[in-house]
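The model and its sequence come first.

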Amino acid sequence: MDAPEEPLPPVIYTMENKPIVTCAGDQNLFTSIYPTLSQQLPREPMEWRRSYGRAPKMIHLESNFVQFKEELLPKEGNKALLTFPFLHIYWTECCDTEVYKATVKDDLTKWQNVLKAHSSVDWLIVVVENDAKKKNKTNILPRTSIVDKIRNDFCNKQSDRCVVLSDPLKDSSRTQESWNAFLTKLRTSLLMSFTKNLGKFEDDMRTLREKRTEPGWSFCDYFMVQEELAFVFEMLQQFEDALVQYDELDALFSQYVVNFGAGDGANWLTFFCQPVKSWNGLILRKPIDMEKRELIQRQEATLLDLRSYLFSRQCTLLLFLQRPWEVAQRALELLHSCVQELKLLEVSVPPGALDCWVFLSCLEVLQRIEGCCDRAQIDSNIAHTVGLWSYATEKLKSLGYLCGLVSEKGPNSEDLNRIVDLLAGLGAERPETANTAQSPYKKLKEALSSVEAFEKHYLDLSHAAIEMHTSIGRTRSARLVGKDLAEFYMRKKSPQKAEIYLQGALKNYLAEGWALPITHTRKQLAECQKHLGQTENYLQTSSLLASDHHVTEEERKHFCQEILSFASRQTDSPGHKIVLPLHCFAQLRDLHFTPSNAVVHVGGVLSVDITMCSQMPVPVHVEQIAITVHFSIEKNNYRKTAEWLTKHKTSNGIINFPTETSPFPASQNNLPALELYEMFERSPSDNSLNTTGIICKNVHMLLRRQESSTSLETPSGVALEDGAHVLKCNDVTLEPGANRITFRTQAKEPGTYTLRQLCASVGPVWFVLPHLYPLVQYDVYSQEPQLRVEPLADSLLAGIPQKVKFTVTTGHYTVKNGDSLQLSNAEAMLILCHAENRAVIYSSTREKASDVSLRVQSSDKVTSISLPAAPAYHMIEFELEVLSLPSAPVTGGESSMLGMTEPHRKHKDTQKAGHCMATTDHKVSIDCPWSIYSTVIALTFSVPFRTTHSLLSAGTRKYIQVCVQNLSELDFQLSDGNLVDPGSSADLQLVPLNAKSPQHIHSKQSTFFVWELKWTREPPPSLRCQFSVGFSPASEGQLSIPLKPYTYEFQVENFFTLYNVRAEILPPSGAEHCRTGSLCSLEVSITRLSGLLEVDKDEALTESDEYFSTKLMYEVVDNSSNWAVCGKSSGVISMPVVAQATHRVHMEVMPLFAGYLPLPDVRLFKYLPHHSAHSSQLDADSWIENDSLSVDKHVDEQLDSSSIKSRGSVHSASSSEPKGLPMPRLQALPPGQVFNSSTGMQVLVIPSKDDHVLEVSVT
Amino acid sequence: MVHTSLDVVDEKISAMGKALVDQRELYLGLLYPTEDYKVYGYVTNSKVKFVMVVDSSNTALRDNEIRSMFRKLHNSYTDVMCNPFYNPGDHIQSRAFDSMVTSMMIQVC
């Protein structure tokens, strides 16, 4: 440490700088205290509160104590901060008032005046008290008085400017205490001084900076000023703040350069634009590069000098701050920006000079960093330094190229001159690195000295850079360096070394799909492979390049020509093939089959059109294009049938191949699609959902490691397949773009043919597409001849001529002239022969081949159709008209159907189903010329009509109504409706009451026919009728053949009226009208209309003395609950079988509603006693009473007689015990035998006045 | 080269993935300075990467301008992606996108 006595050394800008504190007063005293003081001062940190809102900092203060001299005090205007005394201390040991008054006071006053003269206010007076001295001078005055005096004399306002330090050299608690107080005071004072002085300095500096727009302002001057501040911060160990100062300078300078580029040039800047003469790189080993600093101070620095100095300072500070990685980062930035700035300022730089400078600087920075970090640290922070490494590599490379060190021959004289110039610019090596073997300077000098040395250094650097890139996962950057290296090797004519780098880079680019780098690398690779003589690889690369759209047209042609010339050249070794993948030569766009369903019969011709998109820039003559076909016989016989094939292969015959839009297979496209499935997991106990998610089922496919070993372009992967079946096409010239190539083949064996490989050969060069995807197949089938007969319409209608289509599929059979179909006729079905029948022959692809006339010969039993001659695998189609005789469903048992016809008796069913037509099947057996067996074909005809009949009565007159319902979709014309009695008894007459025929009957409509039945004699109990009507389709005109009429047979029974029932309701006597709620009388009279007839002879008839009577039961029922029948509603009467015999019944009924009410129904039953001898009256009464007939009786009214019978029997079963008698039976009279003459009559009922009564009566 | 700069993109993304998962800063800043060019990167939340190469001598472009350019580019790209007729993975052939990019280039140069 500097002793205060020593003369002040010149200011040295080293890190040993400390703030200066001057000492005045008792020097001996200070010397004794100094060791303790300098040791104690930095021990404790002090908080430094800063101006301008800067964060307070803890500072360990150190000081340089120098003896006070007047010349130390700064003169006015001197801005030097480093030499600025921040604090002045006056030391005194005086404890004697006398001494104080005599000497110390004067001394102090003098000191103070000097300070005041320099307007320095940072001072401190230290009074050291010593016990030893105190004892000597025995308490003459209280100690404090000296201190007080001093305070009084000098510290009039600032009493704290005087500090007492007691017994500094002793080791006592009191000493300690006073030391602490003193040190704190000292520190505080120092800091206060700093704050004040630095603040002032900064203000001055800022003022200076604000003047920068004024002419004559010099950056260098300002630089020096701000650097002063930086030095002070550095002195105070505030490296952060020091760095900020340099950064500000850096930014200011950069901004000026930028502004200069924008045209706003400052005068001082032109100075930096002087040509670069020295490029000796950064110097980072010294904390302060004084040479450069002086240059700046003298305003002689070049841009590189300034930058170098600035960066060296920044670097130093960063290293102090333990941030070596920032150094690397900033170095890279600096080097880049320097290069840019030189360009921007248009500074003239000799070629290669910058490269030298950058190279040296990179290595210098790297070595500097290495110097201050250990190996592990460096390894873990390669990411920061690798940029510098590759930058250095790059620069060395460009130097090498510049100086002809990369060429095969070595540098020529011009290159040598350049080398010498460059080396001269480096100057002499710096003394501080002269001893290191690996200094950047030496390296560069060596590298430039010879080709071999250059290669060694370059390779070293490259490998180092690649290794570093790879180790931190920057494979892409490594590839880039590798590519440069490959280029280097190519220059050095060692392509085998280059290839591996090129392949590696290419693989990387391919995997990520970067088209332009691929193209570039491929070009290099092609050259490399050409040198290596790898014919196959070279041709492949050439073909890829020839098809690459990123290559210029000329280059593409060149590469294409390379292939073609090779193909034409090599003829010496026949059989030698070079197999290349097709996709780089041409692309298969689509494939088109003719016939389009890709199904062809044996012997048929199949043509395959493919569209190939040639990628070559010029037309290429291809000797042969072949498609290898795999043949397989289908096991499943059914699959081979033509129907199946035609049915299931409905494609349009065009198969489109996915076009690879990119000329390279991108790796992501090769990945299989994600197979994702939902997953639910339920808890076993309560089946509630536990977890849900998505599972990828093919994770193993997706996440498997990209196999690095399989190159994407290995030609060996293409295997030639030797198939027995090959589609060939010779001598094709492929124009650039789409080409259409047609293959023809004749199908031989039935089976499935799969197209496998496509192969185009140009001389010995074979372009092979190893797999056609999607799968392309065609089928060859052989087929048995077949006959199909089907109706033209949905269903055939019986009775009218209907067309039936015959289809003969010839299959492998060739129809010769004279071949004919023999149809054995069914009797009820006619085949109508027209003079002209035409048959159409279709080819297997459904194209119309010819249209010939057809000869049909009919005999009784056999219809012979002579087929036209047709080749195999064709189809003959013709239509014939057939007529099925209408066979009406007959109610009688007689069937007119004979022979082959089997009429379906569906009459009953159709009546229930309502709308279905009755059908008839006709079977026809056909003998075909190709088979010894007959083909039996069933044709189903539907009867278009349904007929119902009903008997209508009017008193004793009878009518028969026939309803014809048209069920078909067609409209018909009905004519000659006729009803005859086949019994044809003369005394029965049917008088038609019909409209004039013909009548139209529309689809789904009905027509009615009515005849009156007249008779002269007593009519028979039953009558058989036959209804016939002629019909023809309404739409068509005159038919060529007469159609059989439609017939319907039925039987009418018991049509003769026996009884007439009349009912009449009379209002209660005295009243004019019936009233609701009041009883009216119902008079029923039953009249027998005829004498004894045949039909009466049954059990109910009782005979006594030529007097016949029959028992009838009547029943009054009101369906609609209009009437309440009071009392008995039914009864049994004995009716004499005599004409005009009348029985009257009187009943009470009560109308329930007002208005015109229809009369209640009166029904009549035949009452058949079980035993005729029985007294039936009683039975009937009891039965009726039991049944409690009333309004609710209507429930039973639907029951026909048989069910009433059954009801009776049920009842008898339950009540037979007490009576022991079987119950009588009831039989309904046939509707024709009873005529109700009062049907439809109505009675007026007026509402009653008293509604309440009505309500009661109702309930 | 753009390709090489992806290295740094990956590095930055992975570093970001660890540290700042929630932070929505998509702009990656300067990726790869070279002597002649500056490469800037931007990555969307769905890891779509944008890379912009700027001439080093172009000093008019500061970080903020680049950032806003990226943002514009991102918006335009989002519009393209929203087009229902666009097949993800295809070449972008949108006229709007093209004109946006072109206008940006013109504005810069």
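**Entry on a four-stranded sheet.** I began with an open sheet of four strands in chain A, which runs in the order E33-E34-E38-E36 with antiparallel pairing; strands here are DSSP runs of E with at least two residues, helices are runs of H or I with at least four, and both are numbered from the N terminus. Two strands pair if DSSP finds at least two bridges between them. At the edges I found strand E33 (945-954) and strand E36 (988-992) of chain A, each of which pairs on one side only. From one strand to the next the twist averages 25°, with axes taken as lines fitted to C-alpha atoms (for helices over the stretch in contact) and angles running from 0 to 180 degrees between N-to-C directions. I then followed E36(A) to strand E38 (residues 1006-1015) of chain A, and the two pair in the antiparallel sense over five bridges. Leu990(A) stands opposite Leu1013(A) in E38(A).

**Entry on the basis of the values.** I noted that this is a predicted model, in which local features need pLDDT of at least 70 and side-chain atom pairs count only at pLDDT 80 or more, while totals for chains, interfaces and linings use all residues. Residues are numbered from 1 along each chain as its sequence is written, chains are lettered from A and ligands numbered from 1 in the order in which they are written, and side-chain values use heavy atoms, with hydrogens and water left out.

**Entry on a five-stranded sheet.** I next traced an open sheet of five strands in chain A, in the order E46-E48-E43-E41-E52, and its pairing is mixed. Strand E46 (1123-1126) and strand E52 (1234-1236) of chain A are at the edges with a single partner strand each, so one side of each has no neighbour in the sheet. Neighbouring strands of this sheet are turned by 30° against each other on average, direction ignored. Within it, strand E43 (residues 1080-1088) and strand E48 (residues 1142-1151) of chain A pair in the antiparallel sense over eight bridges, and the bridge partner of Val1084(A) in E48(A) is Val1145(A).

For chain A I recorded 30 helices and 53 strands; of its 1259 residues, 48% count as buried, that is, under 20% relative accessible area, with exposed over 50% and partly exposed in between (1.4 Å probe, protein chains only). The largest nonpolar core has 137 residues, and those with the most contacts inside it are Trp91(A) and Phe182(A); such a core is a set of buried Ala, Val, Leu, Ile, Met, Phe, Trp, Tyr and Cys residues joined through side-chain atoms within 4.5 Å. Domain 1 (20-135 + 142-211) and domain 2 (478-568) of chain A both give residues to this core, so it lies between them; the bounds come from an automatic or database domain assignment. A second, separate core of 54 residues includes Val551(A), Leu755(A), Phe767(A) and Leu769(A).

Is Ala798(A) buried or exposed? Ala798(A), in the loop between strand E22 (796-797) and strand E23 (801-809) of chain A, is buried, with a relative accessible area of 1%. Lys493(A) has a phi near 60°, a positive value in a residue other than glycine, and at 48% relative accessibility Lys493(A) counts as partly exposed. I found a positive phi of about 60° for Lys1004(A) too, although it is not a glycine; Lys1004(A) lies in the loop between strand E37 (999-1001) and E38 of chain A.
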